[in-house]
Amino acid sequence: MNPLDRAGLVPALREIVGDAHCLSRPDQLLPYECDGLTLHGAVPSAVVLPRDTDEIARLVRACRRFGVPFVPRGAGTGLSGGAVAMEGGVVIECSRLDRVLHVDVANRFAVVQPGVINASLSKLVQPHGLFYAPDPSSQLACTIGGNVGENSGGPHTLKYGTTTNHVLACQLVLPDGEVVRLGSPTGTSNGPDLLGAVVGSEGTLGIVSEVTVRLSPIPECVETLLAVFGDVVSACRAVGRVIRSGLVPAAMEIVDQRTIEAVEASVYAAGLPRDAGAVLLVELDGVAEAVARQVVRIREAAQLEGAWRVDV
């Protein structure tokens, strides 16, 4: 078929997902012209919401038949433009695939669909003493599928790594509509690391329709320290000293003076010292006895680099 002959595209998509789950009116398409990066956008030809892997594969084959590009989309919270359908493409929106299919408590993994919200997974497995470690700032809204596409991470990346460190396997719909499985629940597989290539590829290698993720035990103890410095350089040196010591905190964040002023003047005021040149936030987690010793080491490292005070 001539790739430019797209008149029958929307009817073909409707036949797969039904009228209610194929959006094509301008007012319906407008919310999908961009993701969190609002400065970069493009209006898609259509937005479809499949309910399972089979429908995703059929949609991909239909787009291929009509010569139309397509792009998967999660919650649209990304900041890279990875969910934007260029050249009048089709957005394949995976929010209807939102089920946790299986949780293996003993082996610490879960099998989920791509539309499962990040924080919801941790809430579900919390009664078992487990959590899902990757914590992007949008984790209350972003989805596991989007996390896989963007290789998302958050403040706890320092200790726990990004999404790629917690994806064990996935089911993938390739650009020709073929469905394949990569990886395994054990996290091991033969041959090249194709799964590693998929995580972070922004949907360019295929559409993830099922993900097996690693779950981690909830730490016994968590402590947060606030070290106050006269300038950013001293705070940075304290970070270097901590890392050189071999200690790996769960998270470390530096806040400079301008940011402190902005935060304290807003509705998000956190009680940060306005006279500080910078503050260093350090979160520690693990066994209570070990964390107590780590608090002492962090305090010493900060004081050696000129911290005015260190609060726990």
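Buried, in these notes, means under 20% relative accessible area, exposed means over 50%, and partly exposed is in between (1.4 Å probe, protein chains only). I'm working on a predicted model, where local features need pLDDT of at least 70, side-chain atom pairs count only at pLDDT 80 or more, and totals for chains, interfaces and linings use all residues. Residues are numbered from 1 along each chain as its sequence is written, and side-chain values use heavy atoms, with hydrogens and water left out.

**Aromatics.** I looked for ring pairs (Phe, Tyr and Trp, the last by its six-membered ring, with centres within 6.5 Å; planes under 30 degrees apart are stacked, over 60 edge-to-face, the rest tilted). I got 1 aromatic pair. Phe131 and Tyr160 sit edge-to-face, 5.8 Å centre to centre with 85° between the planes. Phe131 is in strand β7 (residues 130-131) and Tyr160 in helix α6 (residues 157-160), so the pair ties together parts 29 residues apart in sequence. Helices (H or I, at least four residues) and strands (E, at least two) are DSSP runs, numbered from the N terminus. Phe131 counts as buried at 18% relative accessibility, and Tyr160 counts as buried at 16%.

**Sheet.** Next I traced an open, mixed sheet of 4 strands, ordered β1-β2-β4-β3; strands pair if DSSP finds at least two bridges between them. β1 (22-23) and β3 (70-73) are at the edges with a single partner strand each, so one side of each has no neighbour in the sheet. β2 and β4 run parallel over 3 bridges.

**Salt bridges.** I counted 8 salt bridges, each a side-chain nitrogen of Lys or Arg within 4 Å of a carboxyl oxygen of Asp or Glu. For Arg241 and Glu305, the closest N and O atoms are 2.8 Å apart. Arg241 lies in helix α8 (residues 232-244) and Glu305 in the loop between α10 (288-304) and β15 (309-311), so this pair ties together parts 64 residues apart in sequence. Arg241 is partly exposed at 31%, while Glu305 counts as buried at 16%. I also noted Arg293 with Glu289, at 3.2 Å between the closest N and O atoms; both residues are exposed.
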